[in-house]
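Hello,

Here is the structure I promised to pass on to you. Please have it open while you read my notes below.

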Amino acid sequence: MKLRFEHKYLIEYDDYLKIKDRLNKVLKLDANSVGGKGYHIRSLYFDDIYESALMDKSAGISNRKKYRIRIYNHSDKVIKLEIKRKYQDFTNKISTTINKDDYGKIYRGDVADFVERDNEVMSDYYYQIRNNILKPKVIVDYYREAYVLPYNQIRITFDRNLSAASPQYNIFTDDVFSKHLSDEYSRIIEIKYNNFLPDFVKRVFEPFSMTRLSVSKYVLCREELIK
């Protein structure tokens, strides 16, 4: 299993501008960016009958899982079916590409044929839907600006305009009523890498005071809908 470091922080807008300027000198903007401003991410998150993904963090469970379907820029051209595992400061993600027909089956819980496929991700979804009643819980929307470096697969992302919406079948439309989270969560930086972060990248962040984010976007958005 390939594990990566992942650290999340809240940052102020002025600091975002300064960090972005420093990152531009050592990393490259992700090639998927549209017009230099990043891209839109929409994730439909699932949880089981025990609300495990929502409750495990607050219960102090260090090994956790999240199930989601992710699309980009409101398009159905690339639909990712993913499982993200968390082990304290480490993460592991496995994913597979699905089509809209498979998406509909997962949304409806009609996944009988998934067990016949030689696909680790689909097999896990089959088990969770059939045994733990895994169901859609929330749509998480935000815009991402990503900077990358192939060395140690370093990836620094700025996520802005985080919002939450009730789960609905048609996630591919931009006409989804979302609730924007408070300004406190308007800009999140994520630092991800394998093995270690080199000093020349660490120095980018040294002058700045960043608040560690202890909960996931999923939990933040679920709680926003409950309010």
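Which residues line the second largest pocket? They are Leu10, Ile11, Glu12, Tyr13, Asp15, Asp183, Glu184, Ser186, Arg187, Ser209, Met210 and Thr211. Before the rest, a word on the source: this is a predicted model, in which local features need pLDDT of at least 70 and side-chain atom pairs count only at pLDDT 80 or more, while totals for chains, interfaces and linings use all residues. Residues are numbered from 1 along each chain as its sequence is written, and side-chain values use heavy atoms, with hydrogens and water left out.

**Pockets**

A pocket here is an open set of points on a 1 Å grid over the protein atoms alone, where a 1.4 Å probe fits, with protein on both sides within 12 Å along at least five of seven lines; lining residues have an atom within 4 Å of a point. A volume is the space filled by probe spheres set on the points, which are joined across faces, edges and corners. The second largest pocket holds about 190 Å³, and its lining divides into four nonpolar, three polar and five charged residues. For the largest pocket the volume is about 1100 Å³. Its lining has 47 residues, with Glu6, Arg68, Lys84, Glu190 and Lys192 nearest the centre. By class, that lining has 23 charged, 12 polar and 12 nonpolar residues. In this count Asp, Glu, Lys and Arg are charged, Ala, Val, Leu, Ile, Met, Phe, Trp, Tyr, Cys and Pro are nonpolar, and the others, Gly among them, are polar.

**Strand β8**

Strands are DSSP runs of E with at least two residues, and helices are runs of H or I with at least four, numbered from the N terminus. In β8 (residues 154-165), 10 of the 12 residues are buried (under 20% relative accessible area, 1.4 Å probe, protein chains only). Two strands pair if DSSP finds at least two bridges between them. β8 pairs antiparallel with β7 (residues 135-149) over 10 bridges, and Val148 has Arg155 as its bridge partner. With β10 (residues 187-193) β8 forms six bridges, again antiparallel; there Phe158 partners Ile189. Two bridges join β8 to β9 (residues 179-180), also antiparallel, and Ala164 stands opposite Lys179.

**Core**

Happy reading!

Note on methods:
Buried < 20%, exposed > 50% of the residue type's maximum accessible area, 1.4 Å probe, protein only.
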